[in-house]
Amino acid sequence: MRYGPAMQLPDGLVAVVKRECPTCVLVEPVLRELGAAVWCQDDADWFEHDDLELELSYRLGIETVPTLLRVEAGEETARVVGWSREQWEELTGRTGLGADLPEHRPGCGSLSVDPFRIDALEARYGGSGLGSRRVELAELEDEHEAMFDRGWTDGLPVVPPTPERVLRMLRGTTRDPQEIIAIVPPDLVECTVEKVAVNAVMAGCLPEHLPVVLAALEAACTEEFALHGLLATTYFSGPMIVVNGPIARRIGMNSGVNALGQGNRANATIGRALQLVVRNVGGGRPGEIDRATLGNPGKLTFCFAEREEGSPFAPLAADRGVPGDAVTLFAGSGVQPVVDQLSRTPESLARTFAACLRVNGHPKLPMAFDAVLVVSPEHGRVLREAGWDRARLVAELGALLTLPSDELLRGVGGMAEGISERLAGTELPKFRPGGLLVVHAGGDAGLFSAIVGGWVSGETGSAPVTREVRT
Amino acid sequence: MRTVLDPTGEQRTAERELLPRPESLRGRTVGLLDISKPRGNVVLDRLEELLTADGAVVRRYRKPTFTRTAPVDLRHEIAEQCEVVIEALAD
């Protein structure tokens with residue numbers, strides 16, 4: 001007989017065993033002599049009842065087999081685990097039990113606490129508290145194709161978000177699964193921790209990545225980040241995540257070789273999870289609300305850690321007022337290389353940076369788009385040895401990127417693009433105050449840095465946002 | 001049976017009937033919303049001329065920035081004051 005939720009335990013003695021357990025085999029004659037109602041976890045034919053589904057074991061909280069219970073009026077009134085003649089005699093009120101057995105034998109682990117089964121049992125019987133609609137896939141449906149068919153993916157396969165996987169993901173945070181952490185545009189949907197976990201599973205995240213995804217989503221959904229417009233724009237950009245603090249190393253993020261590239265699970269899946277939340281929860285899909293003319297490959301995922309060790313700069317987030325574990329969100333538009341293999345002074349290197357930054361968006365458009373300058377270790381060394389910190393570099397670049405407006409007017413240089421005649425005869429900064437961010441990342445070798453262009457900046461567009469990562 | 005959890009916002013979109021189209025704009029109040037894209041005013045100025053010539057009463061509105069949705073107050077203002085609205089998305 002199978003145990004179901006409506007079933008009441010029979011009064012008298014009840015035991016849970018598994019045949020694989022030598023102690024259970026040892027006590028078999030005792031259980032039969034006692035006339036106990038016995039449920040076996042791994043062999044339907046050994047005793048009268050089986051618990052192959054482990055529902056009874058889960059619901060009774062069985063951790064060890066054998067477990068012997070005394071049940072009165074349907075309620076458990078006593079329990080012993082393993083074999084102990086003294087304890088079994090006390091529970092049953094009988095004497096002389098198992099006269100030929102040793103005094104004591106420890107039991108074995110119950111299958112219902114097997115680490116490989118516990119998530120599934122919790123999902124099935126645990127009253128998991130998961131609020132998401134359950135979607136049953138038909139037997140003949142390929143589960144990966146089913147995810148595509150329902151429009152839930154970014155074009156790459158996703159991990160099917162089964163209840164047990166989502167429960168496992170939620171162990172990555174102490175936050176209540178039903179806590180609403182953001183209102184996600186464009187549909188302005190209240191997003192729970194659970195919904196983030198569902199999408200994080202699909203993205204391929206590990207539970208320890210979840211706190212970073214949650215922080216990134218909180219930052220992305222602030223008023224100043226302007227995610228709705230960022231999504232809807234015809235421009236290239238999408239949210240880029242820079243991670244600071246000890247958590248980056250702890251969860252295995254890459255800040256070194258190929259930091260902006262492929263091959264690191266944490267980098268790849270955290271950025272992807274954020275985009276899947278925007279797509280699935282917020283309803284922001286390309287060709288619908290997302291009107292990007294070209295987009296950029298970083299809209300699949302764009303997440304990396306700052307290389308804090310050996311950096312000429314304080315951690316980016318700390319400089320922005322959030323020390324420790326934090327994310328900084330930026331409306332990133334793809335990567336532009338900066339090559340300078342000859343500069344050995346910060347003055348020369350800064351001029352290279354400035355020349356390359358000037359073309360951000362268009363060389364004749366000032367204050368239009370923010371940028372992140374990603375300084376590599378070999379370039380960073382030049383700055384560090386000269387004692388240039390972030391503030392110094394940004395100030396020097398500010399001076400180098402103060403542009404005579406006459407060079408920027410419409411038509412100048414044979415290019416119609418540019419600024420209005422009304423702004424002639426003055427000087428204009430390429431970047432608005434706070435519109436140029438500098439981070440340190442990359443492998444040990446290579447006199448290359450990178451520029452990640454931004455989007456319409458500041459109060460009329462998106463401003464970078466830094467948020468603490470909470471567990 | 002394999003079960004997965006719905007990753008979407010599980011929204012049910014409310015379907016609303018379109019209001020009946022007015023047969024004529026004569027005497028109607030028409031709102032023109034400039035979303036603050038460059039040169040949006042060019043197309044809206046011309047529209048205002050044409051609509052006024054047709055006897056419509058034109059009111060002009062402007063979003064603070066094209067990158068964000070219209071503020072709630074602005075949306076209410078337009079809904080209160082206009083019978084018809086034209087939104088210009090222009091560069």
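**Figure 1. The two domains of chain A stand with their centres 56 Å apart, taken over C-alpha atoms.** Welcome to a predicted model, which we will visit in a handful of close-ups. In the domain assignment, domain 1 of chain A covers 12-125 and domain 2 covers 147-468. Where these domains touch, domain 1 of chain A contributes four residues and domain 2 of chain A contributes four residues. On the domain 1 side of this contact, two residues are nonpolar, two are charged and none is polar.

**Figure 2. An open sheet of five strands in chain A has the order E3-E2-E1-E5-E6.** Its pairing is mixed. Strand E3 (49-50) and strand E6 form the edges, each pairing on one side only. Look next at E5(A) and E6(A), which run antiparallel and are joined by six bridges. In this pair, A:Glu72 sits opposite A:Glu75 of E6(A). The loop between E5 and strand E6 (75-81) of chain A holds A:Ala73. Here is a backbone detail to enjoy: the phi of A:Ala73 is positive, about 55 degrees, although this residue is not a glycine. Is A:Ala73 buried or exposed? A:Ala73 counts as exposed because it has 8 C-beta neighbours inside 10 Å, and the cut-off for exposed is 12 or fewer.

Figure 3. A:Pro66 belongs to the loop between strand E4 (64-65) and strand E5 (67-72) of chain A. Though not a glycine, A:Leu188 has a positive phi of about 55 degrees. A:Leu188 counts as partly exposed because 14 C-beta neighbours lie inside 10 Å. As background for these views, most residues other than glycine have a negative phi, and most peptide bonds are trans.

**Figure 4. Strand E15 (residues 326-332) of chain A is mostly covered.** Seven of its seven residues are buried. A:Ala326, A:Thr328, A:Phe330 and A:Gly332 point one way from E15(A), while A:Val327, A:Leu329 and A:Ala331 point the other way. Which strands pair with E15(A) in this view? One is strand E13 (residues 238-244) of chain A, antiparallel to E15(A) over seven bridges. Another is strand E22 (residues 465-468) of chain A, which runs antiparallel to E15(A) and is joined to it by four bridges. A:Ala326 makes a handy landmark: it stands opposite A:Asn244 and opposite A:Glu468 in E22(A).

**Figure 5. The largest nonpolar core has 105 residues.** The residues with the most contacts inside this core are A:Val213, A:Ala216, A:Leu217, A:Ile241 and A:Val327. Helix H8 (residues 210-220) of chain A gives the most to the core, with nine residues. Another core, of 24 residues, lies apart from the largest one and includes A:Ala15, A:Val27, A:Val38 and A:Phe47. To explore the surroundings of A:Val327, leave aside residues up to four places away in sequence; its contacts then include A:Val212, A:Ala215, A:Ala216, A:Ala219, A:Ile241 and A:Val469. A:Arg467 is one of the residues that A:Val327 touches as well.

**Figure 6. Helix H14 (residues 377-385) of chain A has several buried residues, among them A:Pro377, A:His379 and A:Gly380.** A:Val382 and A:Leu383 of H14(A) are buried too. What do the buried residues of H14(A) pack against? Their partners are helix H13 (346-358), strand E17 (369-375), helix H15 (390-400), strand E20 (436-440) and strand E21 (448-456) of chain A. After H14(A) comes A:Gly387, with a positive phi near 75 degrees.

**Figure 7. Chain B meets chain A through 15 residues from chain B and 31 residues from chain A.** The chain B side of the contact has four nonpolar, seven polar and four charged residues. Strand pairing also links the chains: strand E10 (residues 134-137) of chain A and strand E1 (residues 2-5) of chain B are antiparallel over four bridges. Here A:Glu136 stands opposite B:Thr3 in E1(B).

**Figure 8. Helix H1 (residues 40-53) of chain B has 14 residues.** From its first C-alpha to its last, H1(B) reaches 20 Å, close to the 20 Å expected at 1.5 Å a residue. Just after H1(B), B:Gly55 has a positive phi of about 90 degrees.

Conventions:
Residues numbered from 1 in each chain as written. Chains lettered and ligands numbered in written order. Predicted model: local features only at pLDDT ≥ 70, side-chain atom pairs only at ≥ 80, totals over all residues. Contact = placed C-beta atoms within 7 Å. Nonpolar A, V, L, I, M, F, W, Y, C, P; charged D, E, K, R; others polar. Pairing = 2+ DSSP bridges. Helix = DSSP H or I, 4+ residues; strand = E, 2+ residues; numbered from the N terminus. Core = buried A, V, L, I, M, F, W, Y, C linked by C-beta atoms within 7 Å. Buried ≥ 20, exposed ≤ 12 C-beta atoms within 10 Å, placed from the backbone. Expected span 1.5 Å × (residues − 1). Domains from an automatic or database assignment.
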